[in-house]
Amino acid sequence: MSLRLSTVILPVRPWREGGRDQWVRAERLGFHTAYTYDHLSWRTFREGPWFGALPTLTAAATATERLRLGTLVTSPNFRHPVTLAKELISLDDISGGRVTLGIGAGGDGFDATALGQVAWTPRERADRFAEFVPLLDRLLTEGAVTQQGTFYSAVEARTIPGCVQEPRLPFAVAGNGPRGLKLAARYGQAWVTTGDPKVFENGTPEDSLEAIRGQLAKLDKACAEIGRDAAQMEKILLTGFTPERNTMLESVDAFVDFAGRHRELGFTEIAIHAPIPDSDFAADETVFEKIATEGLAQLG
């Protein structure tokens with residue numbers, strides 16, 4: 001599989017004050033997909049503007065024509081499969097079948113308690129995720145679903161007419177633990193990783209590559225257990241969380257070196273963040289645009 005380049009546009013700019021322009025630019029620059037985070041608020045951006053992912057993607061769908069759109073990632077933290085399925089079907093319709101759902105188990109950040117609940121333990125997040133994904137799969141592929149679960153249920157839930165993309169819009173499943181990898185193997189058209197958080201702060205690029213190589217080996221095993229060839233599965237690297245986070249967008253050459261090493265591991269898509277001044281995602285806009293237009297060509 002050839003390597004594709006995508007971007008992540010955090011929903012921090014009002015639509016009429018530069019928000020729309022970012023999505024239009026992403027299409028003009030030739031990115032494969034433009035993703036956004038699906039959170040209620042996130043880390044250092046908590047005290048500033050932060051807009052809803054699915055309304056933002058709906059607006060982006062009307063402002064673009066070819067660009068694929070998606071979340072990296074949606075989680076059960078504040079979502080229910082029934083209502084999420086209805087919104088995704090609507091978004092897939094409005095976009096003309098250009099939606100990818102990045103989906104993960106969620107974490108213990110601000111979303112974990114925003115609805116007044118006690119933050120779930122890692123085990124409960126895994127339990128919920130294991131129930132959430134199969135039910136969402138059914139809702140997006142069947143016209144009417146009834147299912148009684150421990151955490152999520154549906155009673156004659158109607159999702160007609162279904163997705164534009166058949167049999168449903170693609171899932172890009174994030175998960176590095178045994179249960180998450182099994183879900184990715186069974187339900188994912190793609191698998192997503194940010195690398196290994198254990199080497200994020202103090203590890204070397206070589207440490208990160210070795211850790212990701214281990215993740216990929218576990219994905220291969222999870223796929224083999226159900227008779228699936230992992231080589232036929234898309235593999236997405238969400239950048240910004242590896243030891244190279246502060247250097248990979250400094251120049252086209254730095255990006256090409258980074259992308260080349262990860263392509264050799266088997267990644268088919270790399271997602272880079274659109275620059276946000278005075279944040280962890282600050283970067284030179286000119287270099288960012290050159291990476292978008294020249295990076296893959298230089299990679300060869």
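What share of the contacts in the chain with a separation of 6 or more comes from residues 24 or more positions apart? The share is 75%. The views below are taken from a predicted model.

**Figure 1. Overview of the chain.** The predicted chain holds eight helices and ten strands. Its radius of gyration is 19 Å, close to the 19 Å that the globule rule gives for 300 residues, so the chain is as compact as a globular protein of that length. Along the principal axes, the C-alpha atoms fill a box of roughly 55 × 45 × 35 Å. Of the 300 residues, 54% count as buried.

Figure 2. Strand 8 spans residues 190–193 and is covered on both faces. Ala 190 and Val 192 lie on one side, Trp 191 and Thr 193 on the other, and all four are buried. In a regular strand, side chains alternate between the two faces of the sheet. Strand 7 (residues 171–174) runs parallel to strand 8, and three bridges join the two. Within this pairing, Val 173 has Trp 191 as its bridge partner. From strand 7 the chain passes through helix 5 (residues 178–187) to reach strand 8, in a right-handed β-α-β crossover.

**Figure 3. From strand 8 to strand 9.** Strand 9 covers residues 234–238 and pairs with strand 8 in the parallel sense, over four bridges. Here Ala 190 stands opposite Glu 234.

Figure 4. Helix 1 is formed by residues 19–28. Its buried residues are Gly 19, Gln 22, Trp 23, Arg 25, Ala 26 and Glu 27. An α-helix has 3.6 residues a turn, so residues three or four places apart point the same way. The buried residues of helix 1 pack against strand 1 (4–8), strand 2 (33–36) and strand 3 (68–74). They also pack against helix 2 (53–63) and helix 8 (285–299). Just after helix 1, Gly 30 takes a positive phi of about 90 degrees.

**Figure 5. Thr 33 in strand 2.** Thr 33 is found in strand 2. Is this residue, Thr 33, buried or exposed? Thr 33 counts as buried because its relative accessibility is 1%, under the 20% cut-off. Not counting residues up to four places away in sequence, Thr 33 touches Leu 5, Ser 6, Thr 7, Leu 67, Arg 68, Leu 69, Gly 70 and Glu 269.

**Figure 6. The nonpolar cores.** In soluble globular proteins, nonpolar side chains tend to be buried together. The largest nonpolar core has 70 residues. Phe 31, Leu 136, Leu 140, Phe 171, Phe 255 and Ile 272 touch the most other members. Helix 4 (residues 122–141) supplies the largest share of this core, seven residues. Leu 140 has contacts with Ala 85, Leu 88, Ile 89, Cys 163, Pro 167, Arg 168, Leu 169 and Phe 171, leaving aside residues up to four places away in sequence. A second, separate core of 20 residues includes Val 8, Tyr 37, Ala 172 and Phe 241.

Figure 7. Cys 163 is buried, with a relative accessible area of 11%. Cys 223 counts as buried at 0% relative accessibility. The disulfide count for the model is zero.

Conventions:
Residues are numbered from 1 along each chain as its sequence is written. This is a predicted model: local features need pLDDT of at least 70, side-chain atom pairs count only at pLDDT 80 or more; totals for chains, interfaces and linings use all residues. Side-chain values use heavy atoms; hydrogens and water are left out. Buried means under 20% relative accessible area, exposed over 50%, partly exposed in between (1.4 Å probe, protein chains only). Two strands pair if DSSP finds at least two bridges between them. A crossover is right-handed if, with the strands pointing away from the viewer, the path from the first strand over the helix to the second runs clockwise. Contact means heavy atoms within 4.5 Å. A nonpolar core is a set of buried Ala, Val, Leu, Ile, Met, Phe, Trp, Tyr and Cys residues joined through side-chain atoms within 4.5 Å. A disulfide is a pair of cysteine sulfur atoms within 2.5 Å. The radius of gyration is taken over C-alpha atoms; the globule rule is 2.2 Å times the number of residues to the power 0.38.
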